[in-house]
Amino acid sequence: MAWLIAAAAVLALGAGLCASAEVALMRVSRSGAGELARSRKGNRNRAATRLQAVLAEPARYLAVLLLARVCGETAAIVLAAAALLHWLGTGWHAFLLVWVIMAAVLYVLTGIGPRILGRQHERSVALAAADVLYPVTRILGPIPRLLLALGRLLTPGRGSRDAFGTEEELRGLVDLLEQRQVIEPGARAMIHSVFELGDTIVREVMVPRTDMVFVERDKTLRQALSLALRSGFSRIPVVGENQDDVIGIAYLKDLVTISQEHPEQESVDTVTSVMRPATFVPESKPVDELLREMQQLRIHLAIVIDEYGGTAGLVTIEDILEEIVGEITDEYDHEQPAVEWLSPDRARVTARLPVTDLEELFGTTIEAEDVETVGGLLAHALGRVPIAGSVATVAGLKLTAESLAGRRNRIGTVTVERAGVTAQQAAAAPGDEAEPAGGRG
């Protein structure tokens, strides 16, 4: 019975090689095979030529690989079971032991190991697999096509038309170009980010509701313009009864136009007179679909709603582009020191400075739940998103939002001073005026 065990091991190893070949063929692009065919001679050139033929009709050859792997695994299980049951008997414990042993063996020989081998040596494995697979498939004749037809009949749909996806082929081409130093690693990462857009949903890229700046519908054009200029946003959602009731979008250029052409209306007309319709999208929408829709509708901003119909956040074209090219900054973004003392009782700190560090700087104790940074502390005290000039007093410290940073115009620095400083010191602080009506977050 030892020969049964040996035969089972050989069959399991063969099934593992089929799995390794499948992974390698899925990772090698047609252009890569063409380059191998041009750069190799003799038998290696024959293998590369056959690899081109395999990749030209991958579904047919992958069906043969799958058939060989399934047959090898099944035969290995049957032979090993026959040998072990002959030695151990036919009790339930014998069947359990056979199942455990074969599961472990197949997991190693046809699961993990071969797939790692196929990824690490994809070119060599793909060439060797094509050199064997090409003549075998020709010998089988119409059988692979019949297998494919049966599979498509059982699983209809677009995905059943071809075992090779265009995306996988392009990924392989990009990897090859990066390996050949035709493109930079950054360009490769950017192209892969484009592929991943289809797997990214709006909730992952949106600006959350807590970071949004709103303007109420009853605010005047002057108040809305002041809010837009101070917040740094050119498009601001207009809300009705509450933040879940977004009724439109106020555009800075419309506000400026009215201000220049009809200045007498600034203090009379409300923001609803110039707002434009808002576009709403669900938070589960794929990002690539949203980008196409925004291009077709010629809009740059959409309001994101959750499953209950409430406002979850907003998303812009820039948010989607950042998923491809990374963080977008402008010429106004500069690296700021964490702490800059302006006087013994007054300092300029970054909005990301931890609250614990602020306590140590001014020798005070700040009690605020779920707040970790100075920017978050200011927002918590205000009850809304802070903009430049927003002021709040916490634990005897006067916090003033001083500047905006980044494309999303978040607070970059905050001036902190003891609440008991002199009037002259307070007057010297830039931007310490009260926040105008209309800003909400």
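Ile387 is buried in this predicted model, with a relative accessible area of 2%. Because the cut-off for a buried residue is under 20% relative accessible area, Ile387 falls within that class. The residue is found in the loop between α15 (374–382) and β10 (391–394). Ile387 and Ser231 are 156 residues apart in sequence, yet their C-alpha atoms are 5.2 Å apart in space.

**Helix α5**

- Helix α5 covers residues 92–120, 29 residues in total.
- At 1.5 Å a residue this helix should span 42 Å, and the 41 Å between its end C-alpha atoms agrees with that.
- The buried residues of α5 are Ala94, Val98, Met102, Leu106, Thr110, Gly111, Pro114 and Gly118.

**The sheet of β2, β3 and β4**

- Three strands make up an open sheet, ordered β2-β3-β4, with mixed pairing.
- The edges are held by β2 (215–216) and β4 (246–251); each has a single partner strand, so one side of each lacks a neighbour in the sheet.
- Strand β3 (residues 235–239) runs parallel to β2, and two bridges join them.
- Val215 has Val238 of β3 as its bridge partner.
- In general, strands of a sheet pair through backbone hydrogen bonds, in either a parallel or an antiparallel way.

**Helices α10 and α11**

- Helix α10 takes in residues 221–231, and helix α11 takes in residues 252–261.
- The two helices pack with their axes 10 Å apart and at an angle of about 130 degrees.
- That angle makes α10 oblique to α11, because angles over 145 degrees count as roughly antiparallel and those from 65 to 115 as roughly perpendicular.
- The crossing of α10 and α11 is left-handed.

- Strand β8 (residues 339–343) and strand β9 (residues 346–350) run antiparallel and are joined by four bridges.
- Ser343 stands opposite Arg346, a residue of β9.

Key: Residues are numbered from 1 along each chain as its sequence is written. This is a predicted model: local features need pLDDT of at least 70, side-chain atom pairs count only at pLDDT 80 or more; totals for chains, interfaces and linings use all residues. Side-chain values use heavy atoms; hydrogens and water are left out. The expected span of a helix is 1.5 Å times one less than its number of residues. Buried means under 20% relative accessible area, exposed over 50%, partly exposed in between (1.4 Å probe, protein chains only). Two strands pair if DSSP finds at least two bridges between them. Axes are lines fitted to C-alpha atoms, for helices over the stretch in contact, and angles run from 0 to 180 degrees between N-to-C directions. Angles under 35 degrees count as roughly parallel, over 145 as roughly antiparallel, 65 to 115 as roughly perpendicular and the rest as oblique. A crossing is left-handed if the near helix is turned anticlockwise from the far one by less than a right angle, and right-handed if clockwise.
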